[in-house]
Amino acid sequence: MVNHLYKNFLSDEKVYKQNIEFWKSMIFTLLSVEKLTFGEYLTSNKPDGTLYMDGNPIFNFKPDNTERAVRIIQEAPESENIEFSAWINSTGLSEDSKIEELVISLELSNETLLLSIELINAWIVTKLPRPSMEKYIDKLYTIKENLFAFENQLNKL
Amino acid sequence: MYMKHRGRIQAQGENLEASEAWAQNEPISKNDGLLLLQNLKNKIPLKESQIRENAFNKAIEFIKQGPHEVIIGPIFRSYKVKGTKQERVDIEIQSGIAFTNS
């Protein structure tokens, strides 16, 4: 059974903010060990100053002095499946500044949190080249799919 | 020539990469944003459009919620088709203001 975290984050502003802090703390824990500092690179507030509360993304960061970034999209839990996927997106921050983002889309659970940390570590800390990273994403996705299929079979026994 | 208001809407996936972009001196309106989205929908295969129905609807909702203004950095939205690896619709507002009422 999937244990979803911050289930009602989209309907409760307090929970939404706690959810952001949770991600910030996870990323800080991962990157501070490597002495990496980071900041947001995307606009997260509406023109009136209030937060976009759609989880899209729930958290984004770019370590200083790098052209790599991470955007995490969190969706409301809808099923008992492990909902998780990721891809690399090339885009621009301005006319003369290009970046490559690891984009993660998930329903937050213990399982998807660990998969996220694993991918973020490979992308930001280990700095896998893009082709290797894409292979690694495929590999983890397949493992995740197989794991879920096995779990379903076990539940039917 | 530098255009103040720029962005793009994309339909992406394992075997798909289609996009519609804007770059202009005035903010793009909601109507023009919706038109770009419709153009994008029309130019991809029907099957790709059908699996993205929900993602397109979420993108429409986001456009209708405008205006959106780039403050500290761009505004990105990705609406992924659940249960797929990376079939999705993306909106990227790279600079300026997008999806105004007029």
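1. Which residues does Thr37(A) touch, not counting residues up to four places away in sequence? The partners are Pro63(A) and Asp64(A), where contact means that C-beta atoms, placed from the backbone, lie within 7 Å. The model is predicted: local features need pLDDT of at least 70, side-chain atom pairs count only at pLDDT 80 or more, and totals for chains, interfaces and linings use all residues. Residues are numbered from 1 along each chain as its sequence is written, with chains lettered from A and ligands numbered from 1 in the order in which they are written.

2. Thr37(A) sits in the loop between α1 (13-32) and β1 (38-39) of chain A; helices (H or I, at least four residues) and strands (E, at least two) are DSSP runs, numbered from the N terminus.

3. The axes of α1(A) and helix α2 (residues 110-125) of chain A come within 11 Å and cross at roughly 40°. Axes are lines fitted to C-alpha atoms, for helices over the stretch in contact, and angles run from 0 to 180 degrees between N-to-C directions. On the α1(A) side the contact is made by Met26(A), Leu30(A) and Leu31(A); α2(A) supplies Ile117(A), Ile120(A), Asn121(A) and Ile124(A).

4. Between the chains, 18 residues of chain B are in contact with 19 residues of chain A. On the chain B side, β5 (75-80) and β6 (88-95) are the elements that give two or more residues. β5(B) gives the most, with five residues.

Conventions: Contact = placed C-beta atoms within 7 Å.
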